[in-house]
Amino acid sequence: MTNNSLTTNCCICGGGPAGIMLGFLLARAGIEVVVLEKHADFFRDFRGDTIHPSTIQLMHELNLLDAFLQVPHQEVDQLNGQFNGVDVQIADFTHLKVAKPILALMPQWDFLNFISRQASKYPGFTLLTEAVVYELIKDGQRTTGIKANTPNGPIEIHANLIVGADGRSSDVRRLAGLNVINTGAPIDVLWFRLSKNSATDPKQTLGRFEGNRMMVLLNRGDYWQCAYVIMKGELETIKSKGIEGFHDDVIAICPFFRDRVNELNDWNDIKLLNVVIDHLEKWYAEGVVCIGDASHAMSPVGGVGINLAIQDAVAAANILYPSLLRKESIPITVLKKIQQRREFPARVIQRMQVIMQNGIVRRKNTPGEKQTLPFFLKMFKRFPFLTRIPAKIIGMGIRPEHIKTPDVGKVEIQK
């Protein structure tokens, strides 16, 4: 390996859940892999916190569950919400047949650090941070490597396969010329944090609906990470009322924040998350394939994005590792199998997200209308066993994946 060029078996662009998990599984199977992350670390406040039962089960299959549960987190075995002051149970995970039927609330940077530590125990795993891909290296129509800028200057990485796991603004899919189809998303999210008062605040994560407002609270220990749903393009109207007007909106939906909403001093304390739902028409080309948000950007509705990305990584590892072991260029027929395996689950969840988002828009378009409990929530209250259905869909997804790649053995890391 030199300062400006290296050769590996598989180069994964993107150090999010899909990229880090795929890198780990391939290295675990004895395959040399380089993962590129454009930032210096995994800390990103906009990343999701929910580790669903499907991912918990994968940790069990990898014999990592005990170690994983040592990472600070909160455990939730039910999802509850509040609709115009009425408490409702939305999902009951306790009936799922998995090693530990919970949803874990864990900042994504902690999850990524955990997986990368496990991956680093295998000799074939390399993580390069602050590496920004700007060009694909081609041999005719086939992609054979990438060029990236790093703190030490430009670098070329040559590989039998390039994987784009670099999120919804993927450079790899753009450089590969893969066609993106935008499904559309009528909502955005205002993202902010408020301190927690253990004596008066709710005990767990809650989705709260009040009149024409919706907010989700994520429990991060000593503070709440808040996601306030707005219609796309509504931010300027909200800002026109001033920060005090926004304080009133927050209090209207979460009265217990009245004593600390002033922690939002100005609009710099509130970030706009642009919600996107899209998918690639084709996930692959000669020598390159995309997974996770790079192939199907998800809405934050349901908090399922991280888990779909991880499921993509597991499926990709199961499909790719026999070909990668031969250290040959991957046939396009093998890359096609990844899309065939994972496109249907992603599209079904995206369709459900669109239906839910349209419901939010309709509710926000009728602010003066008296809001009654939606029919499905009435049914959940009357027949609690029905909450097992959303628990299965949210917790396990469509077509859950299982570990099929081998473990070739670790190396001890010198402290």
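**Exercise 1.** Which residue in β11 is the bridge partner of Ala148?

*Solution.* The model is predicted: local features need pLDDT of at least 70, side-chain atom pairs count only at pLDDT 80 or more, and totals for chains, interfaces and linings use all residues. Residues are numbered from 1 along each chain as its sequence is written, and side-chain values use heavy atoms, without hydrogens and water. Strands are DSSP runs of E with at least two residues, numbered from the N terminus. Ala148 has Ile155 as its bridge partner in β11. Strand β10 (residues 142–150) runs antiparallel to β11, with six bridges between them. A hairpin of two residues connects β10 to β11.

**Exercise 2.** Find the strands that pair with β11 in the parallel sense.

*Solution.* Two strands pair if DSSP finds at least two bridges between them. Strand β1 (residues 5–13) pairs with β11 in the parallel sense over eight bridges; here Cys13 has Gly164 as its partner. Strand β20 (residues 288–290) also pairs with β11 in the parallel sense, over three bridges. Gly164 stands opposite Cys290 in β20.

**Exercise 3.** Why is strand β11 (residues 153–164) largely enclosed by the rest of the structure?

*Solution.* Buried means under 20% relative accessible area, exposed over 50%, and partly exposed in between (1.4 Å probe, protein chains only). Nine of the 12 residues of β11 are buried, so the strand is largely enclosed.

**Exercise 4.** Is Asp278 buried or exposed?

*Solution.* Asp278 belongs to strand β18 (residues 278–280). Its relative accessible area is 3%, so Asp278 is buried. Contact means heavy atoms within 4.5 Å. Leaving aside neighbours within four places in sequence, the contacts of Asp278 include Arg173, Asn182, His296 and Gln350.

Note on methods
Helices (H or I, at least four residues) and strands (E, at least two) are DSSP runs, numbered from the N terminus.
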